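I set out to look up how the pieces of this model pack together, and I kept my notes in the order in which I worked.

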Amino acid sequence: MRLAPLFAAAALALAAPAMADNHAEAASLEDVLAMDSRAADAVRDRYRHPAETLHFFGVEPTMRVVEFGPGGGWYTRLLLPWLAPQGEYMAMQADTGPGEPGQPGWAERFIAATTSSGAFAAGDITAFESDEIPDEVLGTVDRVLVFRSIHGLMNANAADRELRAIRSLLADDGMVGVVQHRAPEDAAYEYANGANGYMRQADVIRLFAIHGFELVAASEINANPDDPANWEGGVWTLPPVLRYGDQDRERYEAIGESDRMTLLFRKAN
Amino acid sequence: MRVLSCLAAATMAVSTPAPVMAQQQEQEEPSTGEQILRGVLDVLTGRDRTTEAPQETQSDAQMERAQTMNEVLMHPRRAEDRARDAWRHPAETLEFFDIEPGMTVVDYMPATGWYSRVLIPYLGREGNYIGLNPELHPDLTGYWDMYRNAASRIPADARNWVGMDGARVWGLNTDDELESFAGTADRVLIFREIHNMRRFGWLHDSMMAIRTLLKDDGLLGVVQHRAREDAPIGYTFGDNGYQRQEDVIRLMAVYGFELVAASEINANPNDPANWERGVWSLPPSYAGASEGSAERARRAEIGESDRMTLLFRKVS
């Protein structure tokens, strides 16, 4: 039942005339990671450990995968060519509310930005906001991946709505992979409430439990013990944002990107 | 591990507020905090106090408070409200939350003022009552308009509810400037609104505002429609009113609040808490049960919903 639309989608993707050559057939994750089009992105691999992270989340190239809040598309440029030939890549954004009349919505803008390089075809990407999830997607998704977005959901009052939407996407045996900036367990609540980007791992696990998710496993793949995770300027003090510009830049670059938790959840009752 | 932290929390609750503590030690009477701690200890040790000798006479302060509460509850303005006392147990609930005259108390979403008509007179001339409403999304209109402009609306409503009696009344929306009220509240009370905070996207801003308003040693009291522990998650997101007690405790932990004690004051074991149309199936709404029907009579017999009653303290 679930496989039928999946294959149909893959067949459609293969039949798309605008399909670019570099992903007309299945490529291994290693091949995709080494693609020239990722040259600029690859400098972050040492902090983001994409191969290890996707392996930990149990993502397979045949799966139907939703990336929540793809942002600037760093993971999109890896997931899309890897998944499009045999599986399916979809992007979901937190509901942005009613847009400007006559202006393109988030989904159109995201697809336009992702395909602008010519490396990807619009037919390869499904994108939607959380209040416009296509009916045929509900309950069919193998993995939802949430990279560094939980604090933003908290700050935007949107965690309840969006975690609920994420759950509605998942097949019964689907799972959610989460990477999130991590505050020390003994961080003061006033620091770890999301406003500084960092959250306490126990709080993230509780938040998912409230929304019907059970922790399957936690990994230290994306840990960075050199990050004290107490910056006055929040996580944006560190690369890649480096909010203070050249001030103490070498020190921040030596630390690298933030300390992060890597959590895998399954649906529970 | 959890037992220890729970005890630690109860011990801390005992140590507040200091002047009352000193006064009651003098009289060798347990403070409410101590009673709560004893209650926690009883639960942990499986001891049943009701089988023991009745407690000694109450302290003068306690008797005075009980007297004040009794006068407030019996006031003619509560003639209609009183029908719900059997389900809402206002005296027991406010005692469990350790509310005293003279305190500054935040009431989250006073709505039509059922609890305001108890709290404002009970807090008295020395007290402050702050009605706190969320920030309303522009799409929420009609019924929801009454929650806007709390700064002017709630004090005006209070005049209609209780005249000039009792505490000084303030109104706030969570997007108002809270700075001048920061750290002033002894208690924050959330009566049956957790499900709305979740489903309408008020949770984060409201909990952050509540933390801002509450004193460091202040306490948060929550009454909430309670789903069965094994209720399916799809039933407990908020649309049916009911929440699982464990989820509410987790939710408060995410916002830096630790459980001090839980009470069954507002429990109703006759509520199956699985109504297709949610908690509004029961009185006072009776959704889906027409007037005069046998079904309505059956639900009247059940009464208002099963409810958890939880007391939390602010932790770092």
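**Entry 1, conventions.** Helices (H or I, at least four residues) and strands (E, at least two) are DSSP runs, numbered from the N terminus. I note that this is a predicted model, in which local features need pLDDT of at least 70 and side-chain atom pairs count only at pLDDT 80 or more, while totals for chains, interfaces and linings use all residues. Residues are numbered from 1 along each chain as its sequence is written, and chains are lettered from A and ligands numbered from 1 in the order in which they are written.

From α7(B), the residues S116(B), R117(B), I120(B) and P121(B) meet A158(B), W161(B) and V162(B) of α8(B), a contact being two C-beta atoms, placed from the backbone, within 7 Å. By class, the residues of this contact are five nonpolar, one polar and one charged (Ala, Val, Leu, Ile, Met, Phe, Trp, Tyr, Cys and Pro are nonpolar; Asp, Glu, Lys and Arg are charged; the others, Gly among them, are polar).

Leaving aside neighbours within four places in sequence, L119(B) is in contact with V105(B), D107(B) and Y129(B).

I followed V105(B) next, and with residues up to four places away left out, V105(B) touches several others, including I99(B), L123(B), A185(B) and L189(B). The largest nonpolar core has 123 residues, and V105(B) is listed with V144(A), V204(A), V106(B), V188(B) and F312(B) as touching the most other members. Such a core is a set of buried Ala, Val, Leu, Ile, Met, Phe, Trp, Tyr and Cys residues joined through C-beta atoms within 7 Å. Apart from it lies another core, of seven residues, among them A227(B) and Y235(B).

The contact takes 17 residues from chain A and 17 residues from chain B. On the side of chain A that touches chain B, α8 (159-169) and α10 (201-210) each supply at least two residues, and α10(A) gives the most, with five. That side has eight nonpolar, four polar and five charged residues.

I checked D160(A), which is in helix α8 of chain A and is buried, with 23 other C-beta atoms within 10 Å. D160(A) touches R198(B), G201(B) and L203(B), not counting residues up to four places away in sequence. In α10(A), the buried residues include D203(A), V204(A) and F208(A), and just after α10(A), G212(A) takes a positive phi of about 85°.

I noted eleven helices and eight strands in chain A, and of its 269 residues 41% count as buried.

Terms used
A residue is buried if 20 or more other C-beta atoms lie within 10 Å of its own, exposed if 12 or fewer, and partly exposed in between; C-beta atoms are placed from the backbone.
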